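User: I've got a model open and I'd like to talk through one residue and then the chain contact around it. Can you take me through it step by step?

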Amino acid sequence: MNPAPDREAFYWLYLTAVCAVLPAVAQLPLWLVAAFSLSLGWRFASDHRGWRRPGRALRTLLLIAIVIAVYRQYGSVLGREPGVALLVGLLGLKFLEIRTLRDYLLSVFLFYLVLLGAYLQEQALWLGAWTLLTVSISLVAMIHVVQPRGLATRAKLKHAALLVAKALPLMLVAYLLFPRIQGTLWGLPADAHAGLTGLSEIMRPGSINSLSESTAPAFRVTFEGAMPPLRDLYWRSLVLTKTDGHSWSRPRAFAAADESFEGLGEPVRYTVTLESSNKPWMPVLDLPAEIPPEGRARNGYTLEFRMAMHERQTYTLNSYPRYRTPPLEPEERAANLQLPEETSPRVRALAERWRHESTEPLAVARAALAHFRQENFVYTLKPPLLGADPVDEFLFDTRRGFCEHYTAAFVTLMRAAGVPARIVNGYQGGEVNAAGNYLIVRQSDAHAWAEIWVPGDGWVRVDPTNAVAPERIEIGSDALRRLAERGVVPGSLAPAAVLKAIELSGLDRVFLHTRLYWDLANLSWYRWVVGYSKQRQERFLTGLGFGEISWEKLLTALGVGGLAILLAYLVWQWRPRPERDPVQAQYLRFCRKLARTGLVRAAHEGPLDFARRASGTRADLAPTIGDITRLYLKLRYGPGELSGERQVLKRAVAAFRV
Amino acid sequence: MATTVAPVEVTLGRRQLYMLPTRYGLLFALVATVLLLASINYGNGLGYALTFLLVAIAVVSMLHTHRNLHRLRVAPGACVPVFAGETAQFELVLTNNADTPRFGVVIEQNGAEVARADIAARATAAVMLGQRVTRRGWQTLPAFRLATHFPLGLLYSWSRPVHIDHRCLVYPAPAAPLPFRTTPTETLRPEQGQRLGGDDFIGVREYQPGDSPRHIDWKAFARTGMLTTKQFGGGYQALVWLDWDALPEFDTEARLSVLARWVLEGEAAGAHYGLRLPGIVIAPDHGEAHEHVCLKALALFELRP
């Protein structure tokens, strides 16, 4: 092999380095990225401008400096982030001393570890494609140092791409069948997860709203049967009962793991793929009939994980859209009637009035909803901020708000009227992805609604926002945003006009479709790459008819599958190919040319006999026929050959005209 | 003048090829192992994918390395005769009958690379193997191996030693210049000390193959387009017998060396010379072909064919 990499080899190494480090740049300190770039630049200048490269002493000094700097940055040189930083720093230094093929290839190989460092931070779909690119470029670097001359750049790229393409089926088999394990080999460092946002535990209507604007997916759902209509999809995460007039929160007590209910009708079975939220809450459809193994029950039929979730999670369960809950315990009843002392008299008076009209809880609720509808209440995503008594101000002054305002006001009124009521926080609706037949629920679908306790039926869901902005429930938050963009006040239009107003323009529709397919690609990516765990592998392979999964079985299948692909490649590579002697091919071409004039060589006729006969018939061609036949016989049957003689034959046949 | 030998060619089959990872291949395997352990520990799907992609690429590169030598045809090419002590150039013709090119095909002798070739798809390439030869006679090309690291350098494939019947004629090394001697039995003897061939122009005759280009009448050729040869004589017939028996004080090899020197000098001088060896008589003549016949007789003298 070529003993030392040449200049072009370094171009490919620079490219490999840039490709490998780029995905990790976001997690690296700026000084390290600068140091890495400077090292590459220094190497380039020394190769092209004759700059002096650092000697061993300076290199050792730089090495120590990088280790100390990484230690100062992270407080350690072990663990994921300092590890990646150290690796990048040292690889930069390595550029200054690469001289031999060994140094060169070692650098190429170590950049694969840098890629892995980026994956530990993020495993996005684009990184998968980027990996293929980076690996291909690293292969070109390897091909180039092995074979510096003779291959054009295009040929090198093509060869690298071919290697990758042929490797993909093998990779896929290994990827799907390699036994996954539960847990880790050694402890995960504390920095293995990064922080993210989600719903809030405490609801403060009138303070701020950050959720409604974010279109980031919160979770995705696939239904095993038909998907219920959007307006029935209430995903509960939290049930808030405690209030001080400003904020609403969950009861402190770890309550009621024994809450039960009676499911009515058919349950709905579905699988939720929850984005990482750094919160333990598990959004479930009203009301969950079971607790998945990774979860536990909280108050008000909500579920949560046993710990905060830093990565995407998948869980499957049954819910009953129709249900009946048992009678309330006295202390529970008291908790759901609790109001702060300072609740304003105007609010109490309003509730009092409705209670006088009917003691029936549902009738009181209807009266409240009618109030919202008939009075001048407006649904808006950008309500004015509220002051000391938010419920009072909202009900009597501003009358502008979104779900949190309406629900808090409604529950306050219900409690004041003696009806047990509580707030449920979660998500409502979602966006149907027809491309993948699943539902995307975004952070902007976050919603708050109320539940009131009705004797005989138990907890009954009431969505006060519905009274003001039915579109909010019927068409989803995305359409609502579009309405707002067009300056339409929700609740002010007839349903048909609303539909017309939210209709998408052609370009928007294309955009929406693209977005939906992109989301599908991301979900599939998540399912098969990020979330391909031991359970998922078992489910997938059992579905293929593997039966009971064991690692012996998996490794056997992996071996058999890999060998089968390899064998297929070999059979293709070793397939008998007609031994086409290039010399004979030229002679046959010559015969075909003669055959066009009617001079067909008989099967028994040797080349000499044929030449004699042909020369007799076509005296004008006799010298050429003789030359070609002689050269052919010499090359095919004669002893040895001079290089270049084949070219002579080829040219003679090409020039032969009949 | 090219001397060729029986075309015994070799096509590299599966059973003639071996393969092992290089130390770079082992390094690659080490990195892949580290990647796998890290992927398992962090349960990282993309990490698994990268690991298995690299392993699969190494496996596929194994096929490509094998393909680079498999079914390669090696045939002897020409070999120009040389004098003992010189380097014989054995030509090898490598034929690629596959639809893919072969790159970095290395020919190794005693573990060292002696030649390297790239062969386009369905094409041939010729490589020269220089071989120092010390003894006269037919010298055969020692066994060699074909090897390759292509495409990634992770694997090294090599063939069993390839013997092909490729021979090169080695003339005896010419001795230091020594004046001509003739035996007493010589009847037709040129004058001693007279420069053979003479300096005097005695006329022209039609060109015959083998005439020295120095004697061609180029001016006449430019005028008439006919090749004619100028003849020099000086009144003597430049004819000499190079005789084994004239050198009794030398041993066999030394005699052959002296005779080889005389053949060269006789040819250079444009003389007609004959060669007498025990049991072999080559009639006087001149020209390159005659020179070769004489030198070949010297090269093979008393050697079994």
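This is a predicted model: local features need pLDDT of at least 70, side-chain atom pairs count only at pLDDT 80 or more; totals for chains, interfaces and linings use all residues.

User: Is B:Ser39 buried or exposed?

Analyst: The cut-off for buried is under 20% relative accessible area. B:Ser39 comes in at 0%, so B:Ser39 counts as buried.

User: Which residue of chain A does B:Ser39 touch, leaving out anything up to four places away in sequence?

Analyst: Within chain B, the neighbours are B:Asn44, B:Gly47, B:Tyr48 and B:Thr51. For B:Thr51, 12 residues along the chain from B:Ser39, the C-alpha separation is 8.1 Å. From chain A, the residue touched is A:Leu116.

User: How many residue pairs are in polar contact across the interface of chain A and chain B?

Analyst: The contact draws on 70 residues from chain A and 61 residues from chain B. Salt bridges don't feature, as the rule finds zero of them. For polar contacts, counting pairs with both residues at pLDDT 80 or more, the number is 12.

User: What share of the area buried between chain A and chain B do carbon and sulfur atoms give?

Analyst: On the chain A side, the residues that touch chain B split into 46 nonpolar, 12 polar and 12 charged. The buried area between the two chains is about 6,000 Å². Carbon and sulfur atoms give 71%.

How values were computed. Residues are numbered from 1 along each chain as its sequence is written. Chains are lettered from A and ligands numbered from 1 in the order in which they are written. Side-chain values use heavy atoms; hydrogens and water are left out. Contact means heavy atoms within 4.5 Å. Buried area is the accessible area (1.4 Å probe) that two parts lose on being put together, summed over both. A salt bridge is a side-chain nitrogen of Lys or Arg within 4 Å of a carboxyl oxygen of Asp or Glu. A polar contact is a pair of N or O atoms within 3.5 Å; within protein, one must be able to donate a hydrogen and the other to accept it, and residues adjacent in sequence count only if both atoms are side-chain atoms. Ala, Val, Leu, Ile, Met, Phe, Trp, Tyr, Cys and Pro count as nonpolar, Asp, Glu, Lys and Arg as charged, and the others, Gly among them, as polar. Buried means under 20% relative accessible area, exposed over 50%, partly exposed in between (1.4 Å probe, protein chains only).
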